[in-house]
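Q: I would like to go through this structure with you, one topic at a time. Could we begin with the ligand and its contacts?

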Amino acid sequence: MITFKGDVRVEDIIEVKNLTKAFSNKVVLKDVNFSVKKGETFGFLGPSGSGKTTTIKILTSQLLHTKGDVHIFNKPIQKQNKYDYMKKIGVLTDNSTLYERLTIYDNLLLYCKLYDVDKKRINEVLTDVNLLNEQKVIVQRLSKGMKQRVTLARALLHKPAILFLDEPTSALDPVNSKHIYRGLKKLNEEGTTIFLTTHDMHEAEEICDRVAFLHNGEIKLLDTPQNLRCQYSEGFISLMLKSGEVLTIKNDEQGADKISDYIKKKELVSIHSNEPSLGDIFVRLTGSEL
Ligand code: ADP
Ligand code: MG
């Protein structure tokens, strides 16, 4: 499908219709529908067991789906030429394929040869994942989080058109997560479409243009984080007064009069909207925590 953003033509780079996946008799994805626009960062959010990894494995051609249509680059997934497809996408899943006995640098060098990429690119991707100073270290000696960052560096090497990330920061501390977000934003600005799964709502709010909430194999909501927060905000505003008191008032005419009074009396310190976080919305919608 093609849509317009202003005058700009935006095409769907991933189109998923009525996607169903069953393992034996167990249905883990039920009639899932969504599309990702070229240039978007799209987040697939859901608790453990909701079907995130299954979806990413289907989209990256590691797993066959049971029913429905999956089109990527306007072509059915089952008709992609495997080699061409792998050159156009980058994948980070749990089954990391690093050579444990080689250094970080040599691991990446190997993939440069495989993908036909200039080795100058190695320094750039190591900077993006904050591992430039560790490049001579053998992979075996790395922590889980560092291995995750090397795998991410490898997925970025060939500047893929679409980057698929399955819980990219699950083993990382907040500082390294922030560093990765900056790297992903840069890559996205350079034109890479990003599809990521996460159970971390802050991560989703930080980097995603749109998010889908997955629960028990079904999409429950799909929109921009901002629209979701507005849609679920209850129309209340919080005021903080000089006395330290925090008041919650209705976002209506009477509320406006109250705010105006506090301003006139110079008692008002700050005003906050009472928008729920994505995590709050998920709990409200599904009754379960992430
Ligand atoms: P998530 O990544 O959101 O945690 P998954 O996609 O890994 O969820 O799993 C969704 C459901 O599918 C789970 O109930 C899981 O046990 C089941 N599942 C995943 N892979 C297999 C498999 N190979 N065989 C049988 N069941 C599976
Ligand atoms: Mg998973």
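Q: How far is a backbone N or O atom of Ser50 from an oxygen atom of ligand 1?
A: In this predicted model, the distance between an oxygen atom of ligand 1 and a backbone N or O atom of Ser50 is 3.2 Å.

Q: And which distances apply to the polar backbone atoms of Gly51 and Lys52?
A: For Gly51, a polar backbone atom is 3.0 Å from an oxygen atom of ligand 1. For Lys52, the corresponding distance is 2.9 Å, again to an oxygen atom of the ligand.

Q: How much of ligand 1 does the protein bury?
A: The protein buries 60% of the 560 Å² that ligand 1 exposes when taken alone.

Q: Why does Asp31 count as partly exposed?
A: Asp31 has a relative accessible area of 49%, so it counts as partly exposed; the class lies between the cut-offs of 20% and 50%.

Q: Where does Phe73 lie, and what is its phi?
A: Phe73 lies in the loop that runs between β5 (67-72) and β6 (75-76). Its phi is about 50 degrees, a positive value, and Phe73 is not a glycine.

Q: What sits over the ring of Phe73?
A: The charged end of Lys88 does, at 4.4 Å from the ring centre.

Q: Which residue lies over the face of Tyr105?
A: Lys136 lies over that face of Tyr105, at 5.0 Å from the ring centre.

Q: Turning to aromatic pairs, how many are found in the whole structure?
A: The search finds 10 aromatic pairs. One of them is formed by Phe34 and Phe42, which are stacked with 5.4 Å centre to centre and 15 degrees between the planes.

Q: Are Phe34 and Phe42 buried or exposed?
A: Both Phe34 and Phe42 are buried.

Q: What is the geometry of the pair of Phe44 and Phe195?
A: Phe44 and Phe195 form a tilted pair, with 45 degrees between the planes and 5.3 Å centre to centre. This pair links distant parts of the chain, 151 residues apart: Phe44 is in strand β4 (residues 41-45) and Phe195 is in strand β9 (residues 193-198).

Q: Why do Phe44 and Phe195 count as buried?
A: Phe44 counts as buried because its relative accessible area is 1%. Phe195 is buried because its value is 0%. The cut-off for buried is under 20%.

Q: Which residues form one aromatic cluster?
A: The cluster is formed by Phe34, Phe42, Phe44, Phe164 and Phe195.

Q: A new topic, then: where does His158 lie?
A: His158 lies in the loop between α5 (144-156) and β8 (162-166). At 13% relative accessibility, His158 is counted as buried.

Q: How far apart are His158 and Asp118?
A: His158 and Asp118 are separated by 40 residues in sequence and by 9.1 Å in space, C-alpha to C-alpha.

Q: What does the side chain of Asn176 contact?
A: The side chain of Asn176 makes a polar contact with the side chain of Arg149, at 3.5 Å. Asn176 is placed in helix α6 (residues 174-189) and counts as buried, at 10% relative accessibility.

Q: Finally, the chain as a whole: how many helices and strands does it have?
A: The protein chain has 10 helices and 14 strands. Its C-alpha trace spans about 70 × 45 × 45 Å along the principal axes.

Q: What share of its residues counts as buried?
A: Of the 290 residues of the protein chain, 47% are counted as buried.

Methods: Residues are numbered from 1 along each chain as its sequence is written. Chains are lettered from A and ligands numbered from 1 in the order in which they are written. This is a predicted model: local features need pLDDT of at least 70, side-chain atom pairs count only at pLDDT 80 or more; totals for chains, interfaces and linings use all residues. Side-chain values use heavy atoms; hydrogens and water are left out. A polar contact is a pair of N or O atoms within 3.5 Å; within protein, one must be able to donate a hydrogen and the other to accept it, and residues adjacent in sequence count only if both atoms are side-chain atoms. Accessible areas come from the Shrake-Rupley method with a 1.4 Å probe; for residues, only the protein chains shown count as cover. Rings of Phe, Tyr and Trp (its six-membered ring) pair if their centres lie within 6.5 Å; planes under 30 degrees apart count as stacked, over 60 as edge-to-face and the rest as tilted. Buried means under 20% relative accessible area, exposed over 50%, partly exposed in between (1.4 Å probe, protein chains only). Helices (H or I, at least four residues) and strands (E, at least two) are DSSP runs, numbered from the N terminus. A charge sits over a ring if NZ of Lys or CZ of Arg is within 6 Å of the ring centre and within 35 degrees of the ring normal.
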